Amino acid sequence: MDEATGEIVAAAATTNDFSDSQLLPDLLDQIDEPVAQVSGDGAYDTHECYVAIDERAARAAIPPRRSACIWQRGHPDNPPYSRDENLRCIRRYGRKRWKCECGYHRRSLAETAMFRVKTIFGDHVRARLFKAQGAELLIRCVALNRMTHLR
C-alpha cells in the first residue's frame, strides 16, 4: 500500500501453502516506482525478504524475532545487513523506540486498507475456482483504489 495515496499497489491471492515471507519478492516486483520503506510484522523476518528489500534499495522496518541473532559478524568489507542494524538499534534503545524511529507503526495503514476491502466487499469470495477467486480479490483492490481517488 502506498502510504501517501492510500492506494493498494501490490496484491496476491494464495492458498494456505504459502507464508507471507514467500510472497514479498513477488509483491515488490509488482511495483514499478521506487520503494522507500517496506514494513511488515515478524513473519517477514527472513533472509529472502531482506534480500528482496535491499535489491529495491528500500528500508526494512521488520522487527527481528525476540530470539534473533546477528547474521553478519566481523566482516568489515561487506555492508551491514539492515536486519542486523535493526537488531542493534533494538538492543541499544529498546523495541518501542525502534518502532517509533523507523515508522514501523505506519504498517497499520496497510492493514486498515485490507480491513476496508473486507468491510466494503465482504470477507467471502463468490467464485468457486481459485483462479477466479484471485481475480475477484484483485478486482476488489482496483475498485477500492478508485473509491479512494474519489475523495
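**Cysteines**

I started with Cys-49: its sulfur sits 16 Å from the closest cysteine sulfur, the one in Cys-102, which is too far for a bond. This is a predicted model, so I read everything here as computed. Cys-49 is buried, at 0% relative accessibility.

I then looked up Cys-69. The closest cysteine sulfur to its own belongs to Cys-89, 18 Å away, and that is again too far for a bond. Cys-69 comes out as partly exposed, with 49% relative accessibility. I used a cut-off of 2.5 Å between sulfur atoms for a disulfide. My disulfide count is zero by that rule.

**Helix 6**

Next I went to helix 6, residues 130-149. I noted 20 residues and a reach of 29 Å from the first C-alpha to the last, close to the 28 Å expected at 1.5 Å a residue.

Which residues of helix 6 are buried? I listed Gly-134, Glu-136, Arg-140, Cys-141, Leu-144, Asn-145 and Thr-148. A reminder to myself: an α-helix has 3.6 residues a turn, so residues three or four places apart point the same way. I also checked what the buried residues of helix 6 pack against, and found helix 5, residues 108-121.

I picked out Thr-148, which lies in helix 6. Thr-148 has a relative accessible area of 11% and is therefore buried, as the limit for buried is under 20%. What does Thr-148 touch, leaving aside neighbours within four places in sequence? I found Thr-5, Gly-6 and Arg-116 in contact with Thr-148.

**A nonpolar patch**

Ile-120, Met-147 and Leu-150 make a nonpolar surface patch of about 310 Å². Ile-120 lies in helix 5, and I have it down as partly exposed, with a relative accessible area of 44%.

**Salt bridges**

How many salt bridges are there? I counted seven, and I went through some of them one by one.

Arg-106 pairs with Glu-3, and I read 2.9 Å between the closest N and O atoms. I placed Arg-106 in the loop between helix 4 (95-102) and helix 5, and Glu-3 in the segment before helix 1 (20-29), so this pair ties together parts 103 residues apart in sequence. Arg-106 is partly exposed at 36% relative accessibility, and Glu-3 is partly exposed too, with a relative accessible area of 43%.

Arg-65 forms a salt bridge with Asp-45, where the closest N and O atoms are 3.5 Å apart. I found Arg-65 in the loop between strand 2 (59-61) and helix 3 (82-93), and Asp-45 in the loop between strand 1 (37-39) and helix 2 (47-55), so the pair ties together parts 20 residues apart in sequence.

Arg-107 counts as partly exposed at 21% relative accessibility, and Glu-111 as partly exposed at 44%.

Notes
Residues numbered from 1 in each chain as written. Predicted model: local features only at pLDDT ≥ 70, side-chain atom pairs only at ≥ 80, totals over all residues. Heavy atoms only, no water. Helix = DSSP H or I, 4+ residues; strand = E, 2+ residues; numbered from the N terminus. Expected span 1.5 Å × (residues − 1). Buried < 20%, exposed > 50% of the residue type's maximum accessible area, 1.4 Å probe, protein only. Contact = heavy atoms within 4.5 Å. Patch = residues over 30% accessible without salt bridge, like charges linked within 9 Å, V, L, I, M, F, W, Y side chains within 5 Å. Areas by Shrake-Rupley, 256 points an atom, 1.4 Å probe, with all protein chains shown as cover. Salt bridge = Lys/Arg side-chain N within 4 Å of Asp/Glu carboxyl O.
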